[in-house]
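Please view the sequence and the structure together while reading.

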Amino acid sequence: MATAKTANPDMTQMMKDMMAAFPVDTAAMENSFKTAATLNEKLSSVAIEAAEKSTELQAKWMKDVLTKMGDMAKAKSEPADYAKAMTDFASAQAEVTAEHMAAFAEIAKKVQMDTVELMMAAGKDFSEDASSAMKKAAADMTTAAKKASTAAK
């Protein structure tokens with residue numbers, strides 16, 4: 001019995017040839033990664049700054065509350081003075097609360113404005129990166145197609 005010898009195609013070589021015919025531009029990927037890393041750094045900076053300001057504001061608010069509580073807790077000579085101290089404390093807290101909430105709102109507003117500004121700039125950067133990558137990919141594909149059609153002739 002004679003065995004028929006069949007040649008198995010070399011799939012590894014075929015894949016190498018195919019990948020060589022369609023080159024990948026790693027520079028475009030690197031630029032995209034750098035743009036994303038820069039955006040993340042800037043967004044982190046905005047978040048950290050907001051957290052620092054919020055923490056400072058909260059600490060100041062708590063210090064004010066504790067100071068006023070100390071005043072309220074002092075011994076009074078008349079029972080009516082206790083009621084007055086509590087009323088004064090509650091009134092002062094309502095006023096201070098409004099001020100601090102407005103300050104928190106300003107921090108949030110700044111974070112929102114900074115974030116929108118960063119996202120718009122990043123969108124422009126990503127768009128430019130994608131556009132240049134597509135132009136280069138189209139040129140590479142055209143070159144590869146011309147090579148393939150020339151080789152086929």
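The model is predicted, so local features need pLDDT of at least 70 and side-chain atom pairs count only at pLDDT 80 or more, while totals for chains, interfaces and linings use all residues. Residues are numbered from 1 along each chain as its sequence is written, and side-chain values use heavy atoms, with hydrogens and water left out.

**Aromatic pair**

A search of the whole structure finds 1 aromatic pair. The ring centres of W61 and F104 are 6.2 Å apart and the ring planes stand at 50°, so the pair is classed as tilted. Rings of Phe, Tyr and Trp (its six-membered ring) pair if their centres lie within 6.5 Å; planes under 30 degrees apart count as stacked, over 60 as edge-to-face and the rest as tilted. Helices are DSSP runs (H or I, at least four residues), numbered from the N terminus.

W61 counts as buried because its relative accessibility is 14%, whereas F104, at 21%, counts as partly exposed. Here buried means under 20% relative accessible area, exposed over 50% and partly exposed in between (1.4 Å probe, protein chains only).

Leaving aside residues up to four places away in sequence, H100 touches L57, K60, W61 and D64, where contact means heavy atoms within 4.5 Å.

**Salt bridges**

The structure holds 5 salt bridges, each defined as a side-chain nitrogen of Lys or Arg within 4 Å of a carboxyl oxygen of Asp or Glu.

| Salt bridge | Distance, N to O |
|---|---|
| E49 and K53 | 3.1 Å |
| D71 and K74 | 3.8 Å |
| D114 and K110 | 2.8 Å |

E49 and K53 are 4 residues apart in helix α2, and therefore about one helical turn separates them. E49 has a relative accessible area of 30% and is partly exposed; K53, at 32%, is likewise partly exposed. In helix α3, D114 and K110 are also 4 residues apart, which means a separation of about one helical turn. D114 is partly exposed at 21%, and K110 is partly exposed at 35%.

**Surface features**

Which residues make the nonpolar surface patch of about 300 Å²? The patch is made by M15, M18 and M19. Patches consist of residues with over 30% relative accessible area and no salt bridge; nonpolar side chains (Val, Leu, Ile, Met, Phe, Trp, Tyr) are joined within 5 Å, and like charges within 9 Å. Accessible areas come from the Shrake-Rupley method with a 1.4 Å probe; for residues, only the protein chains shown count as cover. M19 is found in helix α1 (residues 11-21) and is partly exposed, at 48% relative accessible area.

A83 lies in helix α3 and, with 45% relative accessibility, counts as partly exposed. A83 and M72 are 11 residues apart in sequence, and their C-alpha atoms are 9.6 Å apart in space.

Terms used: Helix = DSSP H or I, 4+ residues; strand = E, 2+ residues; numbered from the N terminus.
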